[in-house]
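Biologist: Before we look at anything in detail, could you show me the model and take me through how its features should be read?

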Amino acid sequence: MAQMYNKEENTSRQPWWETGVIYQVYPRSFQDTNQDGVGDLNGVIQRLDYLKWMQVDCIWLSPVFRSPMADFGYDISDYTGIDPLFGSIDDFDRLISEVHRRDMKLILDLVPNHTSDQHPWFRESRKDLHNRKRNWYIWQDGGPDHTPPNNWKSVFGGPAWEYDSATGQFYYHAFLKEQPDLNWRNPEVWQAILDVMRFWLEKHVDGFRVDVMWHMVKDELLRNNPSQPGTDPASDFYDDYLPVYSTDQPEVHEIVRAMRELLESYGQKVLIGEIYLPVSKLIHYYGKDNKGAHLPFNFQLLTAEWKAEQISAIINEYEGALPEGGWPNWVLGNHDQRRIATRIGLPQARVAAMLLLTLRGTPTLYYGEEIGMTDVAIPRSEIVDPQGLGFPDLYASRDPGRTPMQWDSSPYAGFSQTKAWLRLAHNYNEVNVANQQHAPASMLNLYRKLIDLRKNEPAFTRGAYTPLYTDQQVLAYVRAAPEGDKFMVVLNLTAGPARFDPPHQQWHGEVVINTLPGREGLPTSGPILLNGDEGLIIRLEPGAGQPEDPASTEGLATTGSTPPRIR
Ligand code: GLC
């Protein structure tokens with residue numbers, strides 16, 4: 001294990017979600033303790049010491065609430081009850097106190113856009129036209145011959161309207177028909193969900209990740225969405241339409257603001273929004289005067305073409321678009337996506353880790369990324385994800401990225417003592433936490449070193465980001481805060497060797513982290529020759545002639561609230 005950095009840093013002015021690292025636990029797949037093949041809350045408790053060892057600050061727990069599991073917990077039938085599959089409310093209380101005892105935070109998944117069709121609210125609502133909960137959901141008459149009210153499609157395929165013969169109306173569901181959308185134009189719905197938030201805040205949770213935040217409000221007139229140019233106007237695919245009327249309505253920001261106000265009345269709590277929108281629209285979720293979401297998830301690295309020029313453009317666009325005081329964040333993966341190591345390959349996943357943990361803003365890790373877990377090929381007959389079942393020909397299943405955490409090489413990978421709900425990676429006896437903890441050059445130890453450096457150097461937690469150079473292979477930037485050391489990050493985003501000439505010839509530094517073994521601790525200066533898939537973090541020696549010296553990088557914009565100064 002290479003050296004660790006234990007410098008004192010002054011982060012007192014920054015809230016924890018700005019300096020911290022968030023780790024997403026998908027509880028079904030993290031740790032099973034009752035041997036039913038599905039992870040549970042006691043399993044998360046059992047692995048807290050590992051997360052603490054990783055120096056993770058905050059755990060985001062995907063839904064553990066009562067649910068028929070049509071969408072694996074994103075279809076909730078009781079917002080304040082724990083599903084027996086995961087444990088009990090006592091287990092939850094123990095989890096939160098164990099998290100806090102380790103000086104970590106816990107945030108929950110809030111799913112306010114839709115409930116399960118088994119939720120008592122919906123069961124009530126569908127009973128009759130004049131029911132007191134009728135207007136809690138989006139009910140609408142159809143056209144002649146039971147044609148749906150408009151052309152909106154479900155994200156999981158097919159029309160987003162389900163005909164309900166009991167009352168002769170349709171209800172809207174952006175996802176499964178088992179997930180009816182709540183009507184956020186009804187103030188009673190606001191109150192009910194804010195009460196749910198209060199319930200968990202009273203249990204001292206540290207915030208929420210809000211599911212599909214941009215879906216919450218729909219066009220009042222339910223107008224048809226325009227089709228994407230060049231697609232069949234009768235298509236049944238969600239992606240063939242521009243969801244301009246079914247998502248991202250201006251009124252959503254009032255709701256986000258109300259959620260934020262409630263959170264703030266409980267202290268330093270974080271509000272994160274799941275929002276798949278282009279940057280120009282995403283930034284509105286910071287809200288007027290930054291009173292919206294603290295962290296509207298920035299998902300650009302999930303879909304970016306993995307090329308230096310593209311990634312550089314994405315960073316610059318995002319940095320440039322952020323509102324004054326809006327805190328950035330970055331994500332490489334989550335439970336809805338293919339894993340990063342599958343998308344770009346294992347060697348580049350190490351470079352991606354260095355990128356994620358050295359960019360300006362809060363990083364969110366998805367469980368298993370830290371050991372380089374890859375997607376597991378799930379045979380068609382074993383697909384359980386509704387998105388996979390909805391689009392069998394496209395192989396859209398999210399199962400491959402949700403397989404059990406690989407802890408060790410014992411049978412069932414230390415995840416369980418029985419067959420898991422999804423099959424394990426065939427190579428789990430090589431790729432696992434236990435092996436990697438003892439291998440200094442492992443992905444796990446790379447993650448750990450990166451997190452350690454990030455947490456101990458103000459340059460990374462609060463410093464400015466200055467782009468330095470990009471070509472078809474290399475992405476280079478400087479991170480620097482007024483206090484502490486300055487760092488140059490040089491990433492080769494290709495498998496071939498590359499050369500980078502820092503703008504000033506006379507610079508000197510020391511390699512502090514290398515994605516490949518060999519250079520850590522070495523002094524360095526002059527042109528930098530990189531192996532394929534190599535990334536370097538270089539601590540710059542104080543003094544003139546540093547690569548970020550404005551004299552040598554004229555015209556480069558620096559972003560961040562604390563512009564670097566040349567010492
Ligand atoms: C979010 C969740 C996803 C779920 C969907 C519907 O996108 O991340 O897993 O299927 O919402 O709730």
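Biologist: Which residues come nearest to the ligand?

Modeller: A residue is near a molecule if one of its heavy atoms lies within 4 Å of it, and of the 14 residues around the ligand here, Asp71, His114, Asp211, Glu274 and Asp336 come nearest. This is a predicted model, in which local features need pLDDT of at least 70 and side-chain atom pairs count only at pLDDT 80 or more, whereas totals for chains, interfaces and linings use all residues. Residues are numbered from 1 along each chain as its sequence is written, and side-chain values use heavy atoms, with hydrogens and water left out.

Biologist: How many residues of the shell around the ligand are nonpolar, polar and charged?

Modeller: With Ala, Val, Leu, Ile, Met, Phe, Trp, Tyr, Cys and Pro taken as nonpolar, Asp, Glu, Lys and Arg as charged, and the others, Gly among them, as polar, the shell divides into four nonpolar, three polar and seven charged residues.

Biologist: Which polar side-chain atoms lie at what distance from an oxygen atom of the ligand?

Modeller: A polar contact is a pair of N or O atoms within 3.5 Å; within protein, one must be able to donate a hydrogen and the other to accept it, and residues adjacent in sequence count only if both atoms are side-chain atoms. Here a polar side-chain atom of Asp71 lies 2.6 Å from a ligand oxygen, one of Asp211 lies 3.0 Å from a ligand oxygen, and an N or O atom in the side chain of His335 is 2.8 Å from an oxygen atom of the ligand. By accessible area (Shrake-Rupley method, 1.4 Å probe), the ligand taken alone exposes 300 Å², of which the protein buries 96%.

Biologist: Is Gln406 buried or exposed?

Modeller: Buried means under 20% relative accessible area, exposed over 50%, and partly exposed in between (1.4 Å probe, protein chains only); Gln406, at 1%, is therefore buried. Its side chain has a polar atom 2.8 Å from the backbone oxygen of Val431. Contact means heavy atoms within 4.5 Å, and, not counting residues up to four places away in sequence, Gln406 touches residues including Ile371, Met373, Tyr428 and Val431.

Biologist: Where is the place of Ala349?

Modeller: Helices are DSSP runs (H or I, at least four residues), numbered from the N terminus, and Ala349 belongs to helix α12, residues 346–358. Ala349 counts as buried because its relative accessibility is 2%, and, leaving out residues up to four places away in sequence, Ala349 touches Ala341, Ile344 and Met443.

Note on methods: Helix = DSSP H or I, 4+ residues; strand = E, 2+ residues; numbered from the N terminus.
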